[in-house]
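This report describes the fold of a single protein chain, from its overall make-up to selected local features. The sequence and structure are shown first.

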Amino acid sequence: MGILTDEMQRVVREQRLGFHATVCADGSPNLSPKGTTDVWDDDHLWFAEICSPQTVANIEQGSSVEVNVVDQFARTGYRFKGPAVVHRPGSAEYAEGTRRLRAGGSRLVERVRAIVVVEVRRAAPVVSPAYDDGTLTEDDVRAIHRARFAALDAARHAPPA
């Protein structure tokens with residue numbers, strides 16, 4: 001078994017949105033959401049580079065990556081850290097990544113410029129402070145955030161007054 005537990009893999013596969021942090025050449029942070037975040041194998045995550053030139057440039061200059069994947073309703077998830085490799089068209093990894101995207105029904109495959117594979121060397125849970133005092137269960141936290149998102153959605157789609 002690799003570093004990615006079954007539970008970590010479940011969360012990544014369900015959520016698909018990972019926030020990938022790298023460091024720019026000038027030392028400033030770069031944080032970029034990736035909607036193609038997925039599990040490559042028991043030790044690696046990956047994403048399709050569609051519109052992330054700064055993230056790719058940072059990785060190619062040696063930046064490590066931290067990926068955070070969080071269930072927005074439960075307010076729990078994981079952070080993953082390690083080096084990454086950019087795989088361009090013509091490589092076996094690029095072919096495998098685009099194959100996986102097609103198999104998953106992606107409509108963005110033709111826009112993929114690279115497949116980025118992150119070697120996970122460290123993984124840790126991310127847990128909201130809402131759980132700290134033991135008074136809220138995951139069901140409670142989910143209910144709070146379902147209601148919040150439903151209200152936001154209703155307000156956004158309400159007919160103009």
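## Basis and overall fold

Helices, of at least four residues, and strands, of at least two, are taken as DSSP runs and numbered from the N terminus. The model is a predicted one. From the N terminus on, the elements of the protein chain follow the order α-β-β-β-β-α-β-β-β-α-β-β-α, which comes to four helices and nine strands.

The C-alpha trace spans about 50 × 40 × 35 Å along its principal axes. Of contacts in the protein chain between residues at least 6 apart in sequence, 68% join residues at least 24 apart.

## Burial, surface and charge

The protein chain has 161 residues, of which 39% are buried.

Charged side chains number 20 positive and 22 negative in the protein chain. The centres of these two sets lie 6 Å apart.

Strands of a sheet pair through backbone hydrogen bonds, in either a parallel or an antiparallel sense. In this model, four strands form an open sheet in the order β3-β4-β8-β7, with antiparallel pairing. Strands β3 (38–41) and β7 (84–87) stand at the edges and have a single partner strand each, so one side of each is left without a neighbour in the sheet. Ignoring direction, neighbouring strands of this sheet are turned by 30° against each other on average.

Ala84 has Val118 in β8 as its bridge partner.

## Helices against the sheet

Helix α1 (residues 6–15) packs on the sheet, where it touches β3 and β4 (44–49). The direction of α1 makes about 135° with that of β3.

Helix α2 (residues 53–60) lies across β4, β7 and β8. Relative to β7, α2 runs at about 115°.

## Positive phi at two arginines

Arg16 is not a glycine, yet has a positive phi of about 65°. Arg16 is found in the loop between α1 and β1 (18–23). With a relative accessible area of 31%, Arg16 is partly exposed, a class that lies between the cut-offs of under 20% for buried and over 50% for exposed.

Arg75, also not a glycine, has a positive phi of about 60°. The loop between β5 (65–71) and β6 (76–82) holds Arg75. The relative accessible area of Arg75 is 24%, and this residue is therefore partly exposed.

Technical notes
Residues are numbered from 1 along each chain as its sequence is written. This is a predicted model: local features need pLDDT of at least 70, side-chain atom pairs count only at pLDDT 80 or more; totals for chains, interfaces and linings use all residues. Side-chain values use heavy atoms; hydrogens and water are left out. Buried means under 20% relative accessible area, exposed over 50%, partly exposed in between (1.4 Å probe, protein chains only). Contact means heavy atoms within 4.5 Å. Lys and Arg count as positive and Asp and Glu as negative; His and the chain ends are not counted. The place of a charge is taken as NZ of Lys, CZ of Arg, CG of Asp or CD of Glu. Two strands pair if DSSP finds at least two bridges between them. Axes are lines fitted to C-alpha atoms, for helices over the stretch in contact, and angles run from 0 to 180 degrees between N-to-C directions.
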